[in-house]
Amino acid sequence: MNVTEKLPTLSITHLRATVNEGSVVVFTCLAIGFQSLKNFWKKDGVFKGDGSSLMLSSVGRDDSGNYTCNVTSTCGTTMKTASLDVICEYIDVKQSRSLPFLSFFAYERSFNGNKPENTTLVSNSTLGCVGDIVLLSCSADGKPSDVTHSLALDGEHLHASEAGIFLVTLERPGWNNFTCIPSNTAGKGEEADISIFASVPPLVAKFPSSEVTIMEGHPAKLMCNVTGSPVPNTTWYKQGFEGWYHSGPMLVLSKKNDAGSYRCIATNKAVCKNSSTSDWINVTYKLPPLVAKFPSSEVTIMEGHPAKLMCNVTGSPVPNATWYKLGFERWYHSGPMLVLSKKNDAGSYRCIATNEAVCKNTSTSDWINVTFKYIRFIKPLQLCPKKGTSSVNITMETDLDESPDVTCITGRASIVSFPNSQQGRKNATYAIGVKHGENVTCWVDDYPQEKVIFYLGKVTKTVMSFKILNRDIMIVDGRRNVSSADWRNINQLAIANCLLWCRSGSVVVDVMYTQMGDVLDPPAFFKQQLLEHATKYNFNIDPGSIQSLQCE
């Protein structure tokens, strides 16, 4: 209901008035409405004046008739009519023997008095809220003047008062139609009416919970339960969203971008308080985790080439991904990406994703099988090609199912034997081209860590010395030494088949090594190789300390 669309309600102080000639008569028209109102009066269709009141001075018989109050608004015109009867002065019985009826009338009135007339009922306000107290004043003329004023609401008696003053609490929402009924010993007089509109301020009920979860395919319905009269208009607002978000008491949310904080505001035209605002309610979007299918159930990792397994998962909140390995207790790796590069990384893996979705909070991938493949050249101390030949045989250890291509600086190697029928580790033989007195470097594509140099021809034994600045000598059992880890690294760094001595200083190493191949300057070659590979073992070597102690 929209009260602004109602026609105004009218009440006139005197609906039926009987007065003596010469009296002053005032008709008052009370109009109740929310629009801009215009009042004017007509007597028997003839315009008499503007305004809510019409005063007639010293009335005569010609003033008798029907007086209509006309009230216009944007919704139309409302009318209410009162009647006026003007009579002559009282006629004494002694002076009018020829008018027995009139003499009887005058006698009757002289004996019994007059019923109350000219009744008015006014209020301090025609608009209020339920629970407000309004002041109603009722007055009427009568003989005897001891008039009792009774007040009724929509036909039900409320109070009686000789003074005609009433304090009434508005208890009913909407229009409250009050009637004043005056009476004296002569009887009941003219009634007067007034209507007061009582509104109820809007009140938004508290939400059952301040947290709501929405999920894909499971919409959430937020209801703004509100009371009030006139029926309030309800509007939803979203935090961070400019302007209103939704009009109406029910808000349906189902999408990811519907997540956020909401509140509703209810408004009506209650004069005491016309709005009510709810608390904020937080809406969270949750999507069960879903692990995407792996592109393949088989993955091969090769030495020097790490494999990255990605657990692609969707969900809201963002799921946690955990990797598990078959035969491995507990979880193997936490996080969506699993990097595998070692031989013992071979095995079967699967990924499990979890979040806080209430319908389903776990998703598990299929198993993915990871196979490790490697090659290892078996490096002899010396390769000696036979006279008159341009090739030598080399051996490679591998677990590949098919023979890889071996490339050397002298050209592509040819396969001598590769045991295809043998599963797992096997030894393959290749023939490589050589030139007498030259070193040959060979490798296999996709296995960069397995690059090997075969030394051919001349053998040179050299004793070299160098100083490691970032290591200290240890005294063990009264002897100078280095840690076992440094000992292994120095062995690997300083070329195989060497003899080591450690002297005082930071760490001074004396090494005797065997150089194979035609090298013009073995000490220079040793220095170059030493400095090139020292950083691999985190050794800081003083270049000036590298020197030859003995050559054979």
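Buried means under 20% relative accessible area, and this cut-off is used in the legends below, which describe close-up views of a predicted model.

**Figure 1. The disulfides of the protein chain, considered together.** In this predicted model the structure holds six disulfides. A disulfide is a covalent bond between the sulfur atoms of two cysteines. When the bonded cysteines are counted along the chain, the disulfides follow the pattern 1-2, 3-8, 4-5, 6-7, 9-10, 11-12. Among the six disulfides, the views that follow show the links of Cys 138 with Cys 180, of Cys 311 with Cys 351 and of Cys 408 with Cys 442.

**Figure 2. Close-up of the disulfide formed by Cys 138 and Cys 180.** The sulfur atoms of Cys 138 and Cys 180 lie 1.7 Å apart, and the link is left-handed, with -85 degrees about the S-S bond. This pair links distant parts of the chain, since Cys 138 belongs to strand 11 (residues 133–143) while Cys 180 belongs to strand 15 (residues 174–184), 42 residues apart. Both Cys 138 and Cys 180 are buried.

**Figure 3. Close-up of the disulfide that joins Cys 311 to Cys 351.** From sulfur to sulfur the distance is 1.8 Å, and the torsion about the S-S bond of Cys 311 and Cys 351 is about -55 degrees, so this disulfide is left-handed. Distant parts of the chain are linked here, with Cys 311 in the loop between strand 28 (307–310) and strand 29 (313–316), and Cys 351 in strand 33 (residues 347–354), 40 residues apart. Why does Cys 311 count as buried? Cys 311 is buried because its relative accessible area is 2%, and the cut-off for buried is under 20%. By the reasoning of that cut-off, Cys 351 also counts as buried, because its relative accessibility is 0%.

**Figure 4. Close-up of the disulfide formed by Cys 408 and Cys 442.** In this view the two sulfur atoms are 2.0 Å apart, and the link of Cys 408 and Cys 442 is right-handed, with 105 degrees about the S-S bond. The pair links distant parts of the chain, with Cys 408 in strand 38 (residues 406–408) and Cys 442 in strand 42 (residues 440–444), 34 residues apart. Cys 408 counts as buried because its relative accessibility is 4%. Is Cys 442 buried or exposed? With a relative accessible area of 0%, Cys 442 is buried, because buried means under 20% relative accessible area.

Conventions. Residues numbered from 1 in each chain as written. Predicted model: local features only at pLDDT ≥ 70, side-chain atom pairs only at ≥ 80, totals over all residues. Heavy atoms only, no water. Disulfide = S-S within 2.5 Å. Helix = DSSP H or I, 4+ residues; strand = E, 2+ residues; numbered from the N terminus. Buried < 20%, exposed > 50% of the residue type's maximum accessible area, 1.4 Å probe, protein only.
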